[in-house]
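I opened my notebook to look at a new structure today. Here is what I looked up, entry by entry.

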Amino acid sequence: MGIFYTNITLFGPNQEQVSKYLSRIKRTAHVSPTIRNFTVVFDRETEDQDPEILTSLTTSLTKEFKCTGLATLVHDGDIFLYWLYKKGKLLEAV
């Protein structure tokens with residue numbers, strides 16, 4: 001069995017800001033401490049490995065905070081996908 005995970009790395013907003021926003025939109029997530037302006041979100045619902053859920057949340061976060069965000073998904077340790085957003089707009093995806 002391989003590794004399965006998702007996360008969203010935001011550049012700009014701090015842990016408290018992100019946590020409050022996620023609470024307001026009723027998401028269950030762990031939010032890392034902010035280090036050098038980077039904050040990482042580990043959202044429970046995105047762990048279902050549904051890219052639509054992951055990209056929707058990333059769009060919402062980067063639009064709300066007018067920031068850059070990188071969503072990543074690893075499936076079974078074999079597949080790596082990412083989506084780079086800035087202010088709610090998709091810049092690049094693989």
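**Entry 1: ring pairs.** How many aromatic pairs does the structure hold? I found three aromatic pairs. I noted the rule too: rings of Phe, Tyr and Trp (its six-membered ring) pair if their centres lie within 6.5 Å, and planes under 30 degrees apart are stacked, over 60 edge-to-face and the rest tilted. One of them joins F11 and F38, a tilted pair at 4.9 Å centre to centre with 55° between the planes. F11 lies in strand β1 (residues 5-11) and F38 in strand β3 (residues 38-43), so this pair ties together parts that are 27 residues apart in sequence. Helices (H or I, at least four residues) and strands (E, at least two) are DSSP runs, numbered from the N terminus.

I then looked up exposure, where buried means under 20% relative accessible area, exposed over 50% and partly exposed in between (1.4 Å probe, protein chains only). F11 is partly exposed at 40%, and F38 is partly exposed at 41%.

Y21 and F65 form another pair, edge-to-face, at 5.7 Å centre to centre and 75° between the planes. Y21 sits in helix α1 (residues 15-24) and F65 in helix α2 (residues 51-65), 44 residues apart. Y21 is buried, with a relative accessible area of 7%.

**Ground rules.** I reminded myself that this is a predicted model, where local features need pLDDT of at least 70 and side-chain atom pairs count only at pLDDT 80 or more, while totals for chains, interfaces and linings use all residues. Residues are numbered from 1 along each chain as its sequence is written, and side-chain values use heavy atoms, with hydrogens and water left out.

**Entry 2: two helices.** How do α1 and α2 pack? Their axes are 11 Å apart, at an angle of about 125°. Axes are lines fitted to C-alpha atoms, for helices over the stretch in contact, and angles run from 0 to 180 degrees between N-to-C directions. That makes α1 oblique to α2; under 35 degrees is roughly parallel, over 145 roughly antiparallel, 65 to 115 roughly perpendicular and the rest oblique. Contact means heavy atoms within 4.5 Å. On the α1 side I listed Q17, V18, Y21, L22 and R24, and on the α2 side L57, S60, L61, E64 and F65.

**Entry 3: V18 and I53.** Leaving aside neighbours within four places in sequence, V18 is in contact with L10, P13, V31, T39, V41, L61 and F65. I53 is in helix α2.
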